[in-house]
Amino acid sequence: QVRLVESGGGLVQAGGSLRLSCAASGLNFRLNIMAWYRQASGKQRELVAQITGGGSTNYADSVKGRFTISKDNAKNTVYLQMNSLKPEDTAVYYCNQALPKSNYNFASWGQGTQVTVSS
């Protein structure tokens, strides 16, 4: 059974930084492509960043140059370092395996962690 526990969110002023963590279990962490997603109030869930088993990364255009995804295979944990935060980054952030959009509503998700960026 997949279990995902996100943490590290909070309230921060625009321009500030946060580091999110996600502890994962019940999946092949070393081989899976892991990803961070976010869902703002009233909007659809969107992919923010992903990292392959080999460490290759990919980012949404809106966060390129500001966010960095990384992982620690020994701890089965994936991180999201968020710098230069903007009010439009406000959302609940979730981690999961890389999923096609059509699977978002059917996948098992953690509780997420709220990030609020004030202007």
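This is a predicted model: local features need pLDDT of at least 70, side-chain atom pairs count only at pLDDT 80 or more; totals for chains, interfaces and linings use all residues.
1. Next, look at what the arginine 38 side chain reaches. Another, at 3.0 Å, goes to the side chain of tyrosine 93. Leaving aside residues up to four places away in sequence, arginine 38 also touches a number of others, including Val48, Ser62, Phe67, Asp89 and Ala91.

2. Now for the rings: the structure has four aromatic pairs. In one of them, tyrosine 37 and tryptophan 109 have ring centres 5.1 Å apart and planes at 90 degrees, so this pair is edge-to-face. It joins distant parts of the chain, since tyrosine 37 belongs to strand S4 while tryptophan 109, 72 residues away, is in the loop between strand S9 (91-97) and strand S10 (113-118). Tyrosine 37 and tryptophan 109 are both buried.

3. Tryptophan 109 also pairs with tyrosine 104, again edge-to-face, with 6.1 Å from centre to centre and 90 degrees between the planes. Tyrosine 104 is buried, as is tryptophan 109. Seen together, Tyr37, Tyr94, Tyr104 and Trp109 are linked by ring pairs into a cluster.

4. The charged end of arginine 45 sits over the ring of tyrosine 94, 4.3 Å from the ring's centre. Arginine 19 lies over the face of tyrosine 79, with 4.0 Å to the ring centre.

Technical notes: Residues are numbered from 1 along each chain as its sequence is written. Side-chain values use heavy atoms; hydrogens and water are left out. A polar contact is a pair of N or O atoms within 3.5 Å; within protein, one must be able to donate a hydrogen and the other to accept it, and residues adjacent in sequence count only if both atoms are side-chain atoms. Contact means heavy atoms within 4.5 Å. Rings of Phe, Tyr and Trp (its six-membered ring) pair if their centres lie within 6.5 Å; planes under 30 degrees apart count as stacked, over 60 as edge-to-face and the rest as tilted. Helices (H or I, at least four residues) and strands (E, at least two) are DSSP runs, numbered from the N terminus. Buried means under 20% relative accessible area, exposed over 50%, partly exposed in between (1.4 Å probe, protein chains only). A charge sits over a ring if NZ of Lys or CZ of Arg is within 6 Å of the ring centre and within 35 degrees of the ring normal.
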